[in-house]
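Please have the model open beside the note as you read.

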Amino acid sequence: MTAAADTPPAVPAAPRARSAEGAGFDRVFEVLCFGAATFLLLALGGIVVSLVIGGWPAFARFGPGFFTSAEWDPVQEIFGASGAIAGTLISSALALLFALPLSFGIAIFLVELCPPVLRRPIGTAVELLAGIPSIVYGMWGLFVFAPWFARRVQMPIMMSAEPGSLWETITAGVPNGAGILTASIILAIMILPFIAATMRELLLTIPPQVRESAYGLGSTTFEVIRKVSLPYIRTGAIGAVMLGLGRALGETMAVTFIIGNAHGFPTSIFASGSTIASTIANEFAEAPPGLHSASLIALGLVLFIITFTVLALARLLIGRQANL
Amino acid sequence: MTAVAAPRLSRRLGEGAFLAFCWIATLVAIVALAAILWSLLQQGIGGFLKPGGGGLDPNLFTRSTPAPGSEGGLLNAIVGSLMMCVAAMIGAVLIGFLAGTWLSEYARESHYGKVIRFLNDVLLSAPSILVGLFIYEILVAPLKGFSGFAGAVALALIAAPVITRTTEDVLKLQPTALREASVALGAPVWKTIFDVIWKSARGGMLTGALLAFARISGETAPLLFTSLNNQFLSFDMTKPTANLPVVIFNFALSAYDDWRRLAWAGALLIAVTVLSVTVVARILAREKASA
């Protein structure tokens, strides 16, 4: 780019006709691209419309009782969603509780502490955790993690619980490892890489001068993170957490394997429960057309509204922070 | 001195605890990954071997899913999964590349572009089981039958937003000068996009497609009530089609040991496929970034 740039480019001998070859296709191509983009919009719209239409008979039949009743009885055709909704919210909230500190720790480790040699292997390992299919998490959770968890964690806790205490109530259940808490732990492992990856990207957007001046004033790493880095990325970090929550809420297969699939309102963290997604996965293929399948689709609509709100908030918050 | 030493000690303790926590958090993730991969290998390789011992079980790739107690393999599920994933990818690549191009090259900061970009991001992480319900409502129920075709459409709908997003991102990274140079030479816009922009961004676009493929090849939820399952080897995508994830789901939760053995073998097969495609995609992306 030195000598060549100074000499003017050779002038073409004779400019060709103005209209370039094949310019007529321009319009067609633009319409094709526009159509593809609009197709995505229509797909999302189609999901909403089909869920509303499919679920309508259930809303019409049960009214607001659909959201408050926990009775789910396919034989008598009585369907209430509150058990599945509560199961979804509780398992996701618990998953977030476990995943949040861990993923912050991982992101901070990768950005601030990790020896450069280890950065790539550890980063890849966390990425692989995100790549493992949900069904593999489910099998591992049911056949490997749940038995271990029942023997090493559940039994001792249940044994040590004082009879009659509140602690005994919330840890009551069959100690077979399957249940809401186990599902939450597996969910936490599944969403952890997503939150950690987004957090890491956010931490990397902090200008080095900002962090270095804090270090220059004598701050420890902890103080830099707490007082400089976290406030700097606060909005985006909340978005990252919401993104993880969105994933946990809609996660299907892993939860179906290990939550125990019992209807009704969960009363204990070791009890079997169900989530919206696991109920649909378990019952929809066998549900006869009519009220049962309409109720399952109505559940789907509830899940859509919850996840859409969470994901939309997440995108708004992350988008404001950085272009992720 | 003591007035200074006291806060210094608490600061040092806080710092130590914090650093230890970050190390432990990372360790937890790595141990979890190692534990999952270890049981997958242990159980999965058991599924690859003959039940009585004595080398690899050739049935796995040559015979269809068995009735409980009889010999069989996963041939029909592997074939069905491949057919559906390939069909889904053809549709998703077409939509994803074009939609990503529109967002990057035509829409830019327009209002409609922002709406599509936002909704695509939501669709990207929407629960896949809802996509399954949607396809059931529009393809399975009206046509009165589960089909591999419906399964492929559901998978395409999950892959397309991933490809759209990555395509848009890599196209935006291409320098404006590249576009200007091409247009200045008299190339029409579509030719500029085809021959210049796409060509220079193809590594990134391929990475996006590979990641989408990795994502859908393990998807189970949207197939449960679209493609359903099929006990027999079939190449007819208008009929219910067997696929690995649903076979794994059914077999893993069954009470038969030989079915569970096949489920673990299938899980290992899927995990190895997904993880190796992911790693290849990442390596491609890194090479592109460092080049």
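1. A word on conventions. This is a predicted model, in which local features need pLDDT of at least 70, side-chain atom pairs count only at pLDDT 80 or more, and totals for chains, interfaces and linings use all residues. Residues are numbered from 1 along each chain as its sequence is written, while chains are lettered from A and ligands numbered from 1 in the order in which they are written.

2. Confidence in chain A. The mean pLDDT (the predictor's confidence in each residue, from 0 to 100) of chain A is 88, with 92% of its residues at 70 or more. Contact here is taken as C-beta atoms, placed from the backbone, within 7 Å.

3. Overall form of chain B. Chain B has 10 helices and 0 strands, where helices (H or I, at least four residues) and strands (E, at least two) are DSSP runs numbered from the N terminus. Its radius of gyration is 24 Å, well over the 19 Å that the globule rule gives for 291 residues, so chain B is more spread out than a compact globule. That radius is taken over C-alpha atoms, and the rule is 2.2 Å times the number of residues to the power 0.38. Along its principal axes the C-alpha trace of chain B spans about 75 × 70 × 35 Å.

4. Domains of chain B. The assignment gives domain 1 (2–48) and domain 2 (62–290), with bounds from an automatic or database domain assignment. Their C-alpha centres lie 34 Å apart, and the contact takes 7 residues from each of domain 1 and domain 2 of chain B.

5. Where the chains meet. Chain B gives 71 residues to the contact and chain A gives 70. On the side of chain B, H1(B) gives the most, with 18 residues. That side divides into 53 nonpolar, 12 polar and 6 charged residues; Ala, Val, Leu, Ile, Met, Phe, Trp, Tyr, Cys and Pro count as nonpolar, Asp, Glu, Lys and Arg as charged, and the others, Gly among them, as polar.

6. The largest nonpolar core. Which residues touch the most other members of this core? Of its 191 residues, they are B:Ala159 and B:Ala267. Helix H8 (residues 180–204) of chain A gives the most to the core, with 18 residues. Domain 1 and domain 2 of chain B both give residues to this core, so it lies between them. Such a core is a set of buried Ala, Val, Leu, Ile, Met, Phe, Trp, Tyr and Cys residues joined through C-beta atoms within 7 Å. Leaving aside neighbours within four places in sequence, B:Ala267 is in contact with A:Ile135, A:Val136, A:Met139, B:Leu40, B:Gly44 and B:Ile248.

7. Burial, and one residue of chain A. Buried residues (20 or more other C-beta atoms within 10 Å of their own; exposed, 12 or fewer; partly exposed, in between; C-beta atoms placed from the backbone) make up 51% of chain B. A:Val52, in helix H2 (residues 25–62) of chain A, is partly exposed, with 14 other C-beta atoms within 10 Å. A:Val52 and A:Gly300 are 248 residues apart in sequence and 9.3 Å apart in space, C-alpha to C-alpha.

How values were computed:
Contact = placed C-beta atoms within 7 Å.
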